[in-house]
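Hi,

Here's the structure I said I'd pass along. Have a look at it first, and then read on for what turned up.

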Amino acid sequence: MLKKSFGQHLLVSEGVLKEIARLLKIDSQDVLLEIGGGTGNLTKVLLRHNPAKLIVVELDRDMVRRLKEIEDERLEVIQDDAKSLQICRLADELKVVGNLPYNAASLILENIILHRRCIPFGVFMFQKEVALRLCGKGDLSWLSVFLRTFYEVRYEMSVPARFFKPPPRVQSGVISISRKDAPFEETEDYKRFLTGVFAHRRKKLGKKLPQEVLRRAGIETDRRVDGLELEEFITLYRELRS
Ligand code: SAH
């Protein structure tokens, strides 16, 4: 029985599963973390690529039981919530992958960004619109800016609903993320800054930020968050904190 509340839409296309595994460029030294293992469709394909270790985190007890039936000494299954999992306690470095439950996907991604020090690379399935936004296409979101500040983000492919069981109501999209040199280390404070400037997004920046900060950043007071480039958010944050 699949549970809607857990966002369970199993990916049943062998072709897409293989492509996700290929995008991870798995080598025999890699420790992988899979988020939301479900019945193990992706888990089994990942194991075929011979990682050193594969840790699967899954929230649903019934799914955890099924995942534990996969016999493989490289596999470790943990029952936990990926929104709050202490990822860097699992290993010094992990590649993270998952066909994310769409109702929790943003909060899971946020947790991943918070743990970026141990996550150089990841591949994730989101609902297509969200995936595009995270890549900086379409409407901006604070999370898209947050993600792209710390990771290079690529839109890899679209996945039609019919490749899932049961098919979700939306199309899906896969992105990959590669960590880049961070412009600064602050995370919580930067998040507060972004969520703050994104609130009342139609309001002009001049009404949200000190004139002096905008002037130093070279950004006109009548601009709005929509239309700001990634670099401008970073400059604004730096000027605000300097
Ligand atoms: N990877 C599988 C299942 C994807 S569906 C496949 O592609 O077939 C998403 C899975 O995430 C479900 O199994 C669901 O139970 C699990 N899940 C939902 N919320 C979660 C959370 N907060 N933390 C970890 N797993 C979660």
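Let's begin with the ligand: of the 20 residues around it, the ones that come nearest are Q8, G36, E58, D81 and N99. Bear in mind that this is a predicted model, so please read every distance and angle below as computed from predicted coordinates.

A polar backbone atom of L11 sits 3.0 Å from an oxygen atom of the ligand. On the side-chain side, E34 places an N or O atom 3.4 Å from a ligand nitrogen, while N41 has a side-chain N or O atom 3.5 Å from an oxygen of the ligand. How much of the ligand's accessible area does the protein cover? The figure is 99% of the 580 Å² that the ligand has on its own.

Next, a helix pair. Helix α6 covers residues 142-150 and helix α7 covers residues 188-198; they pack at an angle of about 145 degrees, and their axes are 9 Å apart. The crossing of α6 past α7 is right-handed.

- The peptide bond between K165 and P166 is cis, with omega at about -10 degrees. P166 belongs to the loop that runs between β8 (164-165) and β9 (172-179).
- K25 is not a glycine, yet its phi is positive, at about 45 degrees. You'll find K25 in the loop between α1 (14-23) and β2 (31-35).

That's what I have for now.

Cheers

Technical notes. Residues are numbered from 1 along each chain as its sequence is written. This is a predicted model: local features need pLDDT of at least 70, side-chain atom pairs count only at pLDDT 80 or more; totals for chains, interfaces and linings use all residues. Side-chain values use heavy atoms; hydrogens and water are left out. Axes are lines fitted to C-alpha atoms, for helices over the stretch in contact, and angles run from 0 to 180 degrees between N-to-C directions. Helices (H or I, at least four residues) and strands (E, at least two) are DSSP runs, numbered from the N terminus. A crossing is left-handed if the near helix is turned anticlockwise from the far one by less than a right angle, and right-handed if clockwise. A residue is near a molecule or strand if one of its heavy atoms lies within 4 Å of it. A polar contact is a pair of N or O atoms within 3.5 Å; within protein, one must be able to donate a hydrogen and the other to accept it, and residues adjacent in sequence count only if both atoms are side-chain atoms. Accessible areas come from the Shrake-Rupley method with a 1.4 Å probe; for residues, only the protein chains shown count as cover.
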